[in-house]
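I opened the model to look up a few items and kept notes as I went. Here is the structure I worked from.

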Amino acid sequence: MQVARKIIEINEELCNGCGQCVPSCAEGAIEIRDGKAHLVAERFCDGLGACLGECPTGALRIIERLAEDFDEAAVHSHLAARKALEAPPLACACPGSQLRAFTPQPSPGPATAGSASTLGQWPVQIRLVPPKAPFLAGSDLLITADCVPVACGAFHQEFLAGRRILLGCPKLDDLASYEERFVEIFRTVPLKSVTTVIMEVPCCSGMTAAVRRALSRAGSVLPAREVVIGVDGSVRRQQGA
């Protein structure tokens, strides 16, 4: 049934796909598709505008128009279904996702100095690493956008060495689920520090924002460092511990 009410409107021309609006919508009414924010369904939007303050380009606004009425029961079903889909695959179903911690090994053959891998765990994707993974406890945690290792030639030596890593795409993946994963980690895992490394492109800022919110929600006082990498691989700016 359609009624005249307040609802979100998204200007696709202004939207840069950063995804910062997604985790701020508790009803899960917004998602990123094809690099732009979209309303999942009218009945999921309560029209309160919690997402407005997170948009860096002003692509969101609340308007009043005829729309499907807000359905709280449908929202609960939607969130439950989304959470079920986001559950990490079990190792028994996918051997490639089995948790492993190991000592980095030198590269075989005539490798140049500094080219050895410093990775000490598996898996690395945010979705596949459970908050209670044993290798996270007592670690310096690195959270990085997945384009960073491609752009930054010194990634292993400058950022990964001595750290555990969580890697994902803040533009194409679900930032809301990322933030929930970070909150649980920051609340329950005894970490030493957290470093967030992103690219300079606007859509990457969602990762930093999700980490900041998660630290705040978890009440964490972890030493936190943020680094921005240029598309040419250089460090453009950094702040924090």
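The entries below cover a cavity, a helix pair and a peptide bond.

**Entry: the model.** I am working with a predicted model.

**Entry: cavity.** I noted a volume of about 70 Å³ for the largest cavity. Which residues lie nearest its centre? I listed Cys 15, Cys 18, Cys 21, Ala 37 and Cys 55, out of 13 residues in the lining. I then sorted the lining by residue class: nine are nonpolar, four are polar and none is charged.

**Entry: helix pair.** Next I looked at H4, which spans residues 175–188, and H5, which spans residues 205–218. Their axes are 8 Å apart, and I read the packing angle as about 40°. The crossing of H4 past H5 is right-handed.

I went through the contact residues too. On the H4 side they include Leu 175, Tyr 178, Phe 182, Val 183 and Phe 186, along with Glu 179, Glu 180 and Arg 187. On the H5 side I noted, among them, Gly 206, Met 207, Ala 210, Val 211, Leu 215, Arg 213 and Arg 217. By class, the contact of H4 with H5 holds 11 nonpolar residues, one polar and five charged.

**Entry: peptide bond.** Is the bond from Trp 122 to Pro 123 cis or trans? I found it cis, with omega near 0°. Most peptide bonds are trans. I placed Pro 123 in the loop between strand E6 (121–122) and strand E7 (140–145).

Notes: Residues are numbered from 1 along each chain as its sequence is written. This is a predicted model: local features need pLDDT of at least 70, side-chain atom pairs count only at pLDDT 80 or more; totals for chains, interfaces and linings use all residues. Side-chain values use heavy atoms; hydrogens and water are left out. On a 1 Å grid over the protein atoms alone, a cavity is a set of points where a 1.4 Å probe fits but cannot get out, and a pocket is an open set with protein on both sides within 12 Å along at least five of seven lines; lining residues have an atom within 4 Å of a point. Grid points are joined across faces, edges and corners, and a volume is the space filled by probe spheres set on the points. Ala, Val, Leu, Ile, Met, Phe, Trp, Tyr, Cys and Pro count as nonpolar, Asp, Glu, Lys and Arg as charged, and the others, Gly among them, as polar. Axes are lines fitted to C-alpha atoms, for helices over the stretch in contact, and angles run from 0 to 180 degrees between N-to-C directions. Helices (H or I, at least four residues) and strands (E, at least two) are DSSP runs, numbered from the N terminus. A crossing is left-handed if the near helix is turned anticlockwise from the far one by less than a right angle, and right-handed if clockwise. Contact means heavy atoms within 4.5 Å.
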